[in-house]
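I opened my notebook to get to know this structure, one look-up at a time. Come along and check each entry against the view.

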Amino acid sequence: PLAPLHSTFSVMSRLLLQTDHTTTGVSAYVLSVISFIAYMLFSLLLLLIVSVRAYTQSKWYGLVSFHVVLRRMACIYLPVLVHIFDTSTDIAVLVLWAVYAIDEMRGYNHENVNMLSFLIPSVVLIFVYRSAFMLQWYVVHRDHWRSFDVSLSHKLGNMFLILTDLTVHKLVYKQLRLQYLSPCLIQRRLTFVEAVFESMPQLVFQSVFVIRTYNTEVAAHHGIDMVYLSLVASVLSIFSNFDREDVEYTIKPFVCNIGVKLFRICEIVARYAIFTLLWAVLSGFHISIYLFADFCVYYYMETKTGRFRDNKDALLIVKGLYAVQAVVGVHIRRNIRMIMVRFADNAITLIAIFLFGLSGFDCFKCHDVDERNVEHNPYMLGLLIMATAGTVISFVMYLVLYHSNFVSVTSKRSIVKMVDIEKLTQGQQQQISVSPEICERVLGLSKYLEERSRSDVACSASDPKPPKQETMDEP
């Protein structure tokens, strides 16, 4: 009875342990698919477990069915599902590249690519994104930690969850238990930092890999399909996160919704195509210089004309994070100078790409003429067209929205949606909108003050001269 199962495992083992380069594509593809399915199932199962656990501990338990609760919290769960899907595809691609890199170390050379130059930076970027979110977590919670004297073990536990990418499950658990109906600020920052520091760089790395392996034996393997799936997941992650931020700067979201989304799609496509073409036409050395120069320009713009113009006390780390965000995609806020700088930035870079991608002269640390010629590679030619069209359309669409007064200068970020939130004060509503961890402390202190107020009233009724009571300020 076990013969079919035994034969299946035998075939799988031969595929996975095969060292001959003629079948390494099959082996890499099988491993990448297994890793994708395993990580996806593990994350979804863990999400289901923490959701059920939080549901049984919430006030919803016994009153509202579980599927109704999930439907009411859809705006919290949808970004989490996109995050899990994007991370799963990235891990699958890393496994695929790791197998190719092992092949290279064993002596087989894949044409036109050095796999370690793709694998090592991709792994580093995962920890860069989590380190950036760790800084965000500290900036958001530092005053809260000081007010409530949070222990060192609690802080280290949060850092461990961030590094292992389990923070999103913790946030879902706490938000469901506390009956949130919209994502808190820290969850929005988690997915947004991922889009800026991980999704966009991975999108560029994988696109350059597709360009370099065009018309080679690697492109004939099934593993390239997993790269295409990861490209789709990264684009979905970037667009969904920027789109949620754009809504906060639109005055009439229902009227200008199509225009805002068109602007965002063209902006993302233009930046993604420019980053990829800079690497494919010139080199990684040149794109590093370009990114550093861009960071300096947008840091100055954010400080002088952007969100920090009237906020001189903002932390240097926060300014740097928002400058990196502007390099990837500018906000649609009412700031015509920023958009003019972005248009000039894209136009000048595209002119340089045209010159080096269509000419035959050499340059310092550039690729060979045949490798960088956009006419010889349909992917590069398509990206060049997309970058040009995206730059022009995004600029024109912003001018239309700007002169129609559909975008505002300041964000209209609202209080988080939550059951019975109207019973809290305005200050408490603002605090619990930041993080469920702060919400637990605030609600616990609020209940304590209510109970103490009742005891004071009872004491005053029985004693005409009650003793002087100590006061406790809200954090």
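I am working from a predicted model, and I began with the second largest pocket, whose volume comes to about 620 Å³. I then asked which residues sit closest to its centre.

Next I looked up where the lining comes from. Two or more lining residues are given by each of α5 (115-148), α8 (185-212), α10 (257-282), α11 (284-304) and α12 (316-328). I also sorted the lining of the second largest pocket by type: 19 residues are nonpolar, two are polar and none is charged.

**Core notes**

I turned to the largest nonpolar core, which has 117 residues. Which of them touch the most other members? I found W97, Y180, M200 and F209. Helix α8 supplies the largest share of this core, with 16 residues.

Leaving out residues up to four places away in sequence, I listed its contacts as A195, I238, I268, Y272, F275 and V328.

**Whole-protein notes**

I stepped back and counted 17 helices and zero strands. The protein has 475 residues, and 48% of them are buried.

For contacts with a separation of 6 or more, I noted that 76% join residues 24 or more positions apart.

Notes
Residues numbered from 1 in each chain as written. Predicted model: local features only at pLDDT ≥ 70, side-chain atom pairs only at ≥ 80, totals over all residues. Heavy atoms only, no water. 1 Å grid on protein atoms, 1.4 Å probe; cavity = no way out; pocket = protein on both sides within 12 Å on 5 of 7 lines; lining within 4 Å. Points joined across faces, edges and corners; volume = space filled by probe spheres on them. Helix = DSSP H or I, 4+ residues; strand = E, 2+ residues; numbered from the N terminus. Nonpolar A, V, L, I, M, F, W, Y, C, P; charged D, E, K, R; others polar. Core = buried A, V, L, I, M, F, W, Y, C linked by side-chain atoms within 4.5 Å. Buried < 20%, exposed > 50% of the residue type's maximum accessible area, 1.4 Å probe, protein only. Contact = heavy atoms within 4.5 Å.
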